[in-house]
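Let's take a walk through this structure together. Have a look at it first, and then we'll go step by step.

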Amino acid sequence: MKTLTETMRGLAARSPWIYRINAGSCNGCDVECATTACIPRYDVERLGCQYCGSPRHADIVLITGPLTARIKDDVLRVYAEIPDPKVTVAVGICPISGGVFRESYAVHAPMDQYIPIDVNVPGCPPRPQAIIEGVALAIDIWRERL
Ligand code: SF4
C-alpha cells in the first residue's frame, strides 16, 4: 500500500503547474509565454502541465525580465512563496545576462545572483518552441526532485 507521500508525489508528477513572474521585462518574452498558453499549435499543456495563477500552487516558474531595481524585492518575495521542489526557467536573455539592459543602473541582472536558475531559454525573445523545450527540461528536473 502506498504512503500518503508516495500518493501525493504520484499525483503531482502527473500535473506540474507553471507560474510566470515578470521581473521587469519589456513584455516581449511574456507575449511568447502567452503563446504557449493560448495558441493550440504551441500549447504547452500537451506536456501534461498547466499554468496557474498563484505562486503557492506552482511547481515550475518561468521568469522574464532583467530584475529591475523597482521590482526586485517583490520578485524575491513571490519567488519565496513557491513551494519546494521548484524548478526555475529563465526565459529570454534578460534574466540570463541582462540583455540590452545589462549596464543599466536600474537592473540587477544576472538573475542567478539572487535566484537559482535551472534552465536557460536564450533569445530576445525566444520562440515559443524554445520555451516549450525549456518547460520540457524543467518537468524532467522537477520529476527527479520529487
Ligand atoms: S529578452 Fe528581449 S524580449 Fe525578452 S524581456 Fe528582454 S528585451 Fe524583452
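Two helices each give at least two residues to the shell around the ligand: α2, which covers residues 28-38, and α4, which covers 93-97. Keep in mind as you look that this is a predicted model. In total, 13 residues surround the ligand, and the closest are Ser25, Gly28, Gly92, Cys94 and Cys124. What classes of residue make up that shell? There are 7 nonpolar and 6 polar residues, with no charged ones.

Now follow α2 over to another helix, α5, made of residues 128-145. The axes of α2 and α5 are 9 Å apart, and the two helices pack at an angle of about 70°. An angle from 65 to 115 degrees counts as roughly perpendicular, so that's how α2 and α5 sit to each other. Which residues actually meet there? On the α2 side you'll find Glu32, Cys33, Thr35 and Thr36, and on the α5 side Pro128, Ile131 and Ile132. Sort the residues of this contact by class and you get 4 nonpolar, 2 polar and 1 charged.

While we're on α2, let's pick out one more of its residues, valine 31. Is valine 31 buried, exposed or partly exposed? Valine 31 has 13, so it counts as partly exposed. Valine 31 also shows how a chain can fold back on itself: proline 125 is 94 residues away in sequence, yet the two are 8.9 Å apart in space, C-alpha to C-alpha.

Technical notes
Residues are numbered from 1 along each chain as its sequence is written. This is a predicted model: local features need pLDDT of at least 70, side-chain atom pairs count only at pLDDT 80 or more; totals for chains, interfaces and linings use all residues. A residue is near a molecule or strand if its C-beta atom, placed from the backbone, lies within 6 Å of it. Helices (H or I, at least four residues) and strands (E, at least two) are DSSP runs, numbered from the N terminus. Ala, Val, Leu, Ile, Met, Phe, Trp, Tyr, Cys and Pro count as nonpolar, Asp, Glu, Lys and Arg as charged, and the others, Gly among them, as polar. Axes are lines fitted to C-alpha atoms, for helices over the stretch in contact, and angles run from 0 to 180 degrees between N-to-C directions. Angles under 35 degrees count as roughly parallel, over 145 as roughly antiparallel, 65 to 115 as roughly perpendicular and the rest as oblique. Two residues are in contact if their C-beta atoms, placed from the backbone, lie within 7 Å. A residue is buried if 20 or more other C-beta atoms lie within 10 Å of its own, exposed if 12 or fewer, and partly exposed in between; C-beta atoms are placed from the backbone.
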